[in-house]
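Hi everyone, thanks for coming.

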Amino acid sequence: MPVVTSTIGHTCPCSQGEHLKNHMKRYVVPAILAALTVGSFGVTNASAKSATPKAASKACPAAPDAALDAKYGVGAGALEQALACGEAKKLKAKGDPVIVGIMNPEGDPAGSFPEYTVMAQAAVDYINTELGGIGADYATGTPGRPIQLEVCKMAINPADSQKCANELAAKKPLVVYSTLNFFGNHFKILNDAKIPVVVGTPISPGDFTTPGVYAIGGGGGCLGVHTGLIEYLTNDVLKYKANAKIAVPWANTPPGVFCYHDLEKKPLNVLNGTNGKNTSKAAGKMKGMTHIGVPIKPGSADVTADAQKVLEFKPDGMVYSAQGADCWTFVNGLLKLGWTPATPLVLSGACIDLTTMRALGDKIKGIYTVGASSILDPDALIDPQQRREAKIYGAKGKKYAKDKTSLEKGFGTQGFLGIMTVWQVANELGKKLTGPALTKYIENTTKFHTFASTGLSCKKAVAPYVAVCNSTVSASKWNGKALKQVKENFSGLGLIAGTDLDFGK
Amino acid sequence: MKDAIGFAFLGMGAGGFIALMATGLVVAFKGSGVINFSHGAVAMYAAFTYNYLRLDGTIRLPLIDILPTHQANIPVRISLASGGPVDKWLAIVISLLMSVLIGAGMHYLVFKPLRNAAPLGKVIGAIGVMLYLQGIALVNFGAENPQPESILFPGDVFTNFLGFGKPLPFESLALAVVAALVGLLLWFNYKFTRFGLATRAAAGNEKGAVLLGYSPERLALSNWVIAAVTAGVAGVFVGSITGALNVVKFTTLIVPALGAALIGSLSSVPIAIAGGIGIGMLQTVVATWMTGQSWFPQWLQSGATDAIPLVIIVLVLFLRGKALPVRGNIQEKRLPLSPYPKRIGWYVAVFVPLGAILAFGLPGDFIFAGLSGKWGFAFTTTLIGAMLMLSYVLLAGYVGQISMVQLSIAGVAAFFMARMTANGTPTPEDPFAVSGPGLAWPIAAILGIIVAVAVGIILGIPALRIRGVQLAVVTIAAAVALQTLYFDNSKLTNLMAGSNAAVPSPTFFGIDIGSTGSAGLTDSPKFALFCVIMLAIMCTIVSNLRRGSTGRRFLAVRANERAAASAGVDVPRTKLLAFGLASALAGMAGVMTAFQQQQISSANWVYFAGLVTLAFAYLGGITSVSGAVIGGVLTGSGLVAVFGAHQSEGLHSYTPVLGGVGMILTAILHPSGQSMLYQPIVQYFGNWLKRARGREWAGVGRRLGPFIVIGLVWGAIGINPWRTDDWSRPWMMALGAFLALFIRNLVILIRSGGHRELGAAEATQEAAA
């Protein structure tokens with residue numbers, strides 16, 4: 001009889017069968033857990049019935065209004081026609097679905113953004129239920145094909161990023177929407193499979209520089225936002241003040257190093273005249289201006305010392321761009337050391353967190369944000385067409401979102417807008433609804449009007465940022481209770497025109 | 001210098017936090033000999049609890065409502081103030097009570113059952129708790145990153161603290177003072193109270209404490225609760241100092257706290273407190289002042305701050321290595337037996353063709369066309385994961401050295417190889433080209449593995465003086481240092497703007513054996529076969545090592561170093577040999593990962609993932625080659641993960657929770673891992689299948705068939721209407737059948753008094769046998 005060691009450590013002179021019985025006993029508890037676990041399939045909340053505000057009914061135009069195209073960019077008329085016709089009479093999509101893939105980080109403690117897919121699905125439902133899907137003919141009331149969203153939820157690690165690319169590519173989608181991806185290792189797979197990729201929130205270097213990839217999210221990542229921060233602070237806030245002192249705390253991450261050196265430090269050197277290789281009209285306009293860069297490591301135990309380093313410089317103005325919540329950790333550090341908004345601070349749009357901002361209230365009254373326009377408060381927008389579309393976002397997002405809290409989250413907004421943009425572009429393709437056709441159309445866009453956002457101009461993307469299609473930004477000011485837009489649709493890209501890349505080596 | 005001192009004082013807040021965390025680590029170690037890697041997660045849960053009490057007055061219990069109905073629910077949320085915030089001090093009390101609950105739960109559910117487990121089992125238990133708490137927090141609190149409010153003197157600031165020219169927020173000083181007070185209180189408690197003396201007695205000699213009438217379990221419970229409360233205090237009071245809350249934040253700050261705890265020899269709370277505050281101040285000075293000095297080496301600017309804990313830990317271990325306490329236990333289990341590998345040739349003869357079939361499919365692709373798309377990627381990920389697991393098997397399973405740096409060593413090989421293959425030519429796809437000698441891939445790969453071996457041996461040197469969990473602490477600190485000093489250091493990697501390192505596709509006599517398949521996906525069957533062959537070779541090497549004299553020396557060192565030395569085994573040489581060989585295996589895994597993904601970054605080798613990888617190796621079975629293969633199957637993005645995601649969309653949010661529970665259960669119930677669990681089951685059913693004829697099959701059908709049918713119907717019309725998810729009806733039917741069989745067996749078990757859980761037929765067969 002064989003002697004085997006049992007799981008509780010004593011030697012058990014038992015047969016294999018008895019040994020198996022011991023195993024089974026030991027697994028009664030796990031089996032209960034397993035049973036309960038299997039039962040957990042059903043643990044989700046039933047969605048509450050949504051109340052949709054009644055939109056003002058509009059007549060369905062017979063054709064797109066060319067005047068809108070001229071005023072708001074190519075495609076504005078077609079979009080308005082679709083929106084108005086949908087309001088007048090819902091047009092439900094029919095036929096074979098068009099697959100759109102979306103890969104998004106969800107369910108990982110290191111980062112989870114379910115609002116992205118919740119709102120993307122809301123946009124799909126809105127399009128399929130009211131706007132007639134892709135390729136609808138509003139003049140005749142003929143519906144187009146519905147969009148089918150294929151979601152790949154990924155953990156934040158490079159292997160999962162590639163896994164999702166493989167999974168989605170195998171489903172032969174028209175396009176893959178990459179929400180936010182820290183690795184950029186999925187592009188090669190999708191490019192090799194000849195599937196166009198659009199990026200919602202550009203973060204990794206590949207999001208900006210990979211051919212065949214199109215960053216459609218408003219603001220254009222650090223390219224648009226960082227140069228926009230410098231442009232707004234120096235031009236609009238400091239009015240090109242001579243001998244000014246500017247502090248630039250920056251996120252000490254590998255992309256952060258590049259974004260700081262190339263897109264903040266370099267334009268400041270252009271402005272003070274120490275970088276001669278520049279064709280900008282603003283070159284040398286701030287002679288004598290000095291600046292300091294203070295690296296801040298995300299996730300640090302305490303950034304008070306970094307904040308002190310910034311304040312010791314006695315700056316006339318500051319800019320800071322970081323990943324969401326890190327901004328407010330730093331601002332809190334400044335506040336603790338006695339800073340007030342009398343020293344202007346311009347933050348990137350990624351910092352907008354209305355809950356935190358409301359909690360800080362008047363303590364931060366007067367700070368600015370620069371980035372894609374926030375559409376959460378439509379009345380704060382200057383552009384009337386964008387205001388109208390932002391209101392539609394509020395109404396339809398509320399109606400179709402399965403989780404209403406996603407509606408007011410920044411990534412939720414981007415999820416909705418991204419799908420609307422994909423739908424708009426797909427509508428322009430007519431019957432040539434293929435990946436290569438979509439690629440060709442996107443890469444040739446110039447001021448293509450996108451739903452509630454700034455226009456796509458992929459054709460004007462500059463090397464090496466060949467993927468950045470939307471680098472126009474807007475500025476808003478916090479009045480203690482809300483953000484009010486103070487400048488719309490500007491760009492700081494001119495500040496780096498003609499300069500060499502600075503990697504910060 | 002005045003400037004430096006001024007900045008040092010500004011680091012007192014961070015120091016206070018590290019000190020409080022270190023205190024909890026010391027107390028937990030005193031109480032039960034566990035280095036609690038989940039300590040940061042406890043602090044996180046308390047901090048989130050406080051935050052949401054102040055936000056909406058809701059307590060979120062660290063549970064999941066796993067019942068799929070609206071009718072019967074497990075209470076998870078308790079609302080105290082009708083959606084409004086509760087009083088600050090009441091919120092603090094409740095948050096600390098939450099810590100008490102978690103501490104007691106950890107003791108009763110995890111560490112009490114693991115009380116006499118091998119140190120590695122306790123480490124896995126702690127990692128399991130960490131994953132569980134992080135997963136629960138993600139489910140209960142969402143992915144929000146709220147800014148916690150300041151509790152201690154918000155808004156007040158010393159404008160020129162002690163005349164050093166720098167301001168200091170009251171809050172930073174207050175946190176350091178709170179840490180000091182907690183330390184003083186605990187010092188008094190352990191020095192002068194009966195409980196404290198008993199804890200110290202049990203920590204020194206648990207048997208002696210039992211003989212004196214103390215219950216080590218009660219002492220452990222009390223100490224777990226105290227440790228959890230210190231974590232709670234740290235999480236709640238650190239307030240706005242550490243900034244935005246997130247699920248992993250405090251966990252990533254555990255390494256400096258471990259350094260502080262080791263300064264206090266894992267026994268002295270006051271020294272750990274002083275060490276913690278000192279580390280916080282030192283890190284601040286290095287980050288804000290020292291790295292800005294002209295004399296400071298440029299290449300060290302990235303990562304110098306994060307390397308401080310490693311430097312301190314290594315210094316402390318070298319200076320005080322022999323004085324470090326190895327806590328006394330009544331009985332400490334050793335690692336599970338390492339089975340003697342048999343019939344290796346047969347296994348390889350089956351494994352390689354099977355792997356080839358999975359990769360290429362069957363001829364004509366009629367029945368099976370091979371794994372493609374995500375399945376092809378998951379297959380190669382599994383094979384590469386198994387290669388990495390082999391390094392854990394060799395190092396931890398055979399030699400007993402708990403290393404958490406193997407994943408980082410894999411990264412060293414991959415990064416070095418990528419640099420060696422680079423030639424500095426930019427392309428449209430890779431505008432940030434890396435400079436390098438442009439070597440051929442086989443030479444570059446071998447060089448990468450050699451460098452990995454060198455790094456592994458260097459990191460193995462501390463193992464000559466320490467072992468067990470202390471070695472785990474050193475290796476996790478080393479993993480942090482490798483990440484920040486090498487992988488994230490553009491001065492060394494030449495990777496600009498955080499771009500990925502490109503890796504060329506390997507070729508073999510002109511045939512592309514890279515991972516890109518014909519449709520552009522990462523599913524090339526040739527690469528899968530390449531992985532299968534490499535894994536088969538590595539498994540054969542490791543099995544032969546185990547069978548030979550080297551393996552016997554390894555096991556001798558694992559069992560008892562002194563006995564091994566007295567038997568003529570050169571223990572230091574054996575340990576370094578193991579570190580070198582394990583690093584070669586890890587390096588091979590790193591090189592293959594690089595070939596598979598073709599673009600690598602520091603994110604591939606995050607130190608934090610190293611903990612989870614070790615846990616996967618343990619889950620698979622850390623003492624056997626078959627365990628490594630199962631560990632590979634379980635690895636992230638491997639076959640099980642992809643299958644799970646494919647079949648169970650509803651479970652996606654619960655993956656970390658289930659992973660944590662799985663680790664804890666494995667550590668408690670089956671420390672030898674899944675491979676040892678399946679072995680007897682497979683053997684038993686294999687034997688049954690060999691014997692079974694029509695009569696036996698009919699017997700099974702008679703016994704189980706009615707229950708399966710009832711279960712299927714129950715699932716379709718009983719469970720399906722009540723579910724609240726979007727699972728399809730067939731799954732509910734399968735659930736019904738599973739539950740019906742489960743209930744049947746449970747009833748049989750209860751009726752037979754626990755003696756006949758296998759049913760009459762099996763008993764008859766056993767009797768016949």
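Predicted model: local features only at pLDDT ≥ 70, side-chain atom pairs only at ≥ 80, totals over all residues.

I'll go through chain A and then chain B.

Okay, chain A. Its secondary structure comes to 16 helices and 14 strands. The chain has 505 residues, and buried ones make up 58% of them. If you take the contacts in chain A between residues at least 6 apart in sequence, 66% of those join residues at least 24 apart.

Now let's look at a sheet in this chain. In what order do its five strands come? In chain A, the order is 4-3-5-6-7, the sheet is open, and the pairing is parallel. At the edges sit strand 4, residues 147-154, and strand 7, residues 213-215, both of chain A, and each of them pairs on one side only. From one strand to the next, the twist averages 25°.

Let's zoom in on one pair. Strand 5 of chain A, residues 175-178, runs parallel to strand 6 of chain A, residues 197-199, and three bridges join them. If you want one to find on screen, look for Val176(A): its bridge partner in strand 6 of chain A is Val197(A). And there's a helix packed on this sheet: helix 5 of chain A, residues 114-130, which touches strand 3 (98-105) and strand 4 of chain A. The direction of helix 5 makes about 175° with that of strand 4 of chain A.

The domain assignment gives us domain 1 (2-323), domain 2 (344-647) and domain 3 (692-768) of chain B. The C-alpha centres of domains 1 and 2 of chain B are 33 Å apart. Where they meet, 25 residues of domain 1 of chain B are in contact with 27 of domain 2 of chain B. So which helix gives the most to the domain 1 side of that contact in chain B? That's helix 13 of chain B, with eight residues. By class, that side of domain 1 of chain B has 18 nonpolar, six polar and one charged residues.

Last stop: two packed helices. Helix 15 (373-398) and helix 24 (607-620) of chain B have axes 9 Å apart and pack at about 75°, so these two helices of chain B are roughly perpendicular to each other. Among the residues that meet there are Leu388(B) and Tyr392(B) from helix 15 of chain B, and Leu614(B) and Phe616(B) from helix 24 of chain B. That contact between helices 15 and 24 of chain B divides into seven nonpolar, two polar and no charged residues.

Notes. Residues numbered from 1 in each chain as written. Chains lettered and ligands numbered in written order. Pairing = 2+ DSSP bridges. Helix = DSSP H or I, 4+ residues; strand = E, 2+ residues; numbered from the N terminus. Axes fitted to C-alpha atoms, helices over the stretch in contact; angles between N-to-C directions. Contact = placed C-beta atoms within 7 Å. Domains from an automatic or database assignment. Nonpolar A, V, L, I, M, F, W, Y, C, P; charged D, E, K, R; others polar. Buried ≥ 20, exposed ≤ 12 C-beta atoms within 10 Å, placed from the backbone. Parallel < 35°, antiparallel > 145°, perpendicular 65-115°, else oblique.
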